[in-house]
Amino acid sequence: MTETAVLLFLQQPPRFLFFTGKGGVGKTSIACASAIKLAEAGRSVLLVSTDPASNVGQVFGLAIGNRITPIPAVANLSALEIDPEAAARAYRERLVGPVRGVLPDDVVKGIEESLSGACTTEIAAFDEFTALLTDSTLTAQYDHILFDTAPTGHTIRLLQLPGAWSGFLEAGKGDASCLGPLAGLEKQRTQYRAAVDALADPMQTRLVLVARAQSASLREVARTHHELAAIGLSRQHLVINGILSHAEVGDDPLAAAIHQREQAVLVDLPEVLRELPRDELALKAFNLVGLDALRQMFDSHPAQPAGETHAARLDAPSLAALVDGIAADGHGLVMLMGKGGVGKTTLAAAVAVELASRGLPVHLTTSDPAAHLAETLDGSLPSLTVSRIEPRAETERYRQHVLATKGKDLDDQGRALLEEDLRSPCTEEIAVFQAFSRFIREAGRKFVVMDTAPTGHTLLLLDATGAYHREIARQMGGKGMHFTTPMMQLQDPKQTKVLIVTLAETTPVLEAVALQSDLRRAGIEPWAWIVNTSVAAASVSSPLLRRRAANELREIDAVATQHAAQYAVVPLLKEEPVGVERLRELIEGGDRV
């Protein structure tokens with residue numbers, strides 16, 4: 001008989017619960033398990049994913065998608081995955097449909113082109129999200145609506161949007177550059193205001209911050225706490241997931257090191273987090289996929305599966321072999337992609353440090369709002385420079401450039417109109433794309449190692465790159481002129497190497513497979529896969545870790561034989577890979593015992 005933990009975040013729950021945090025901390029599993037628990041207690045529940053890289057359907061083992069779908073095995077539970085691309089298609093059709101066949105074809109085509117960017121996609125997804133908060137006809141039958149949100153940085157951006165758009169609309173600004181996306185916003189002003197009010201009302205909304213017992217994860221959650229409190233989301237709970245209990249350590253040196261590291265982090269919890277109601281969930285031996293596993297997630301002592309445990313250490317290629325292949329070209333763009341929380345930032349830093357240690361010029365950068373490269377590096381090397389694509393800074397840089405060029409010869413009225421246009425939130429999309437393009441050009445003379453945002457948001461950036469390529473090809477195609485676009489450089493394996501990062505678990509591998517398919521549709525062939533923090537590649541004797549290692553073998557074999565042209569496995573290490581020396585240990589596999 002298992003004992004269910006008393007969970008503070010599920011006591012007297014309000015109607016709306018948000019689960020957010022750094023990628024890979026278990027938000028989806030906890031949201032799904034919470035939805036099951038509430039539904040089986042007799043409450044009517046809708047589980048919504050707002051993550052572009054949603055895997056709620058994978059967790060439940062059925063296709064959900066962009067429609068409310070009952071979960072057959074759980075009475076009272078339905079789920080919905082907000083698909084940004086489907087939302088954008090529907091949004092575009094609402095705007096373009098009424099004028100198709102009325103206006104000339106070239107005008108309609110121009111409107112469609114203005115609605116093709118990532119800015120439109122973001123607005124359309126937010127449109128659906130706010131409707132669930134405010135439209136009683138859609139959600140009246142549900143007692144609780146649980147939101148499994150995108151990783152932290154993008155959740156903050158999503159929740160800040162009502163203020164950004166409301167301010168822009170109240171000023172009555174915007175012209176052709178933002179006309180398409182903005183056209184559908186004016187009538188939504190009341191809905192957006194109601195959404196903000198619902199989010200800020202602690203009687204309606206509770207935010208659940210999910211973290212792991214790791215310094216970086218908890219620092220990220222502390223930042224999230226401040227940012228969300230600043231926009232009115234004050235009723236917050238903290239859940240620390242995946243803690244290795246002392247009872248599971250035994251005489252395993254690696255397990256002991258992990259347990260000690262986690263306990264030290266919990267003792268040194270940031271002061272602002274100590275004040276929050278807190279739940280701690282133990283690390284499980286099994287993958288949290290399927291109803292049986294989810295029902296056991298909150299059990300203090302879940303039933304342990306029978307079967308073999310892994311004894312011998314996995315013999316697999318190390319990251320060193322991949323770095324040798326990268327270094328051979330002398331320069332190029334190296335992009336690390338994958339689901340949030342799989343360790344892209346750490347591995348990007350490790351690859352950059354190793355290349356720089358060989359005397360090669362390297363620029364390490366990130367497009368992930370939640371990444372903190374400086375904290376991971378904790379040091380420097382002579383031939384290594386570090387930066388990040390900071391949307392606000394890039395937007396201001398772009399504004400100043402436009403004002404200095406296009407605005408140079410305008411009169412006061414014209415300049416004022418241009419400045420108004422540049423205050424459009426859509427300006428950020430252009431600015432970030434230009435920064436991305438700048439780094440691609442720089443890779444022609446040195447190594448640029450890019451830690452990308454979690455999967456769905458990286459694909460939106462690639463969509464912008466593809467749209468730019470199609471527009472240039474259309475303009476230049478009939479002139480017989482040679483041209484090279486950023487997309488063409490991404491498609492050239494001599495110039496760009498994409499490394500897909502995953503974990504040896506069912507859901508991250510499925511997510512990586514989907515990412516690879518998306519990249520291939522864009523004409524980009526991933527160069528290699530990296531399986532990170534593998535227990536099977538370490539030496540363990542703890543029964544729980546041995547069971548986790550045994551579960552990993554099938555996933556690693558699938559990567560090696562079905563999915564990757566080449567791959568490497570990085571073992572779980574005793575020490576957190578922070579600092580130049582420990583990052584270099586990752587390349588060779590480090591001290592595994």
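Trainee: Which residues does Leu 410 touch, not counting residues up to four places away in sequence?

Mentor: Contact means heavy atoms within 4.5 Å. By that criterion Leu 410 touches Arg 415 and Leu 418. Before going on, note that this is a predicted model, where local features need pLDDT of at least 70, side-chain atom pairs count only at pLDDT 80 or more, and totals for chains, interfaces and linings use all residues. Residues are numbered from 1 along each chain as its sequence is written, and side-chain values use heavy atoms, with hydrogens and water left out.

Trainee: Where is Leu 410 placed, and is Leu 410 buried or partly exposed?

Mentor: Helices (H or I, at least four residues) and strands (E, at least two) are DSSP runs, numbered from the N terminus. Leu 410 sits in the loop between helix H17 (391-405) and helix H18 (412-422). Buried means under 20% relative accessible area, exposed over 50%, and partly exposed in between (1.4 Å probe, protein chains only). With a relative accessible area of 38%, Leu 410 is partly exposed.

Trainee: What is the relative accessible area of Leu 132, and with which residues is Leu 132 in contact beyond its neighbours within four places in sequence?

Mentor: Leu 132, in helix H5 (residues 118-134), has a relative accessible area of 5% and is therefore buried. Its contacts beyond those neighbours include Phe 16, Leu 46, Val 48 and Ile 145. Leu 46 is 86 residues apart from Leu 132 along the chain, and their C-alpha atoms are separated by 10.0 Å.

Trainee: How many residues of strand E7 are buried, and in which sense do E6 and E7 pair?

Mentor: Two strands pair if DSSP finds at least two bridges between them. Strand E6 (residues 205-212) pairs with E7 in the parallel sense over 6 bridges, and Leu 207 stands opposite Gln 236 in E7. E7 also pairs in the parallel sense with strand E8 (residues 278-282), over 4 bridges; there Val 239 has Asp 279 as its bridge partner. In strand E7 (residues 236-243), 8 of the 8 residues are buried, so the strand is largely enclosed by the rest of the structure.

Trainee: Which residues touch the most other members of the largest nonpolar core?

Mentor: In soluble globular proteins, nonpolar side chains tend to be buried together. A nonpolar core is a set of buried Ala, Val, Leu, Ile, Met, Phe, Trp, Tyr and Cys residues joined through side-chain atoms within 4.5 Å. The largest has 46 residues, of which Leu 333, Met 335, Leu 490 and Ile 556 touch the most other members. Apart from that core lies another, of 40 residues, including Leu 347 and Val 570.
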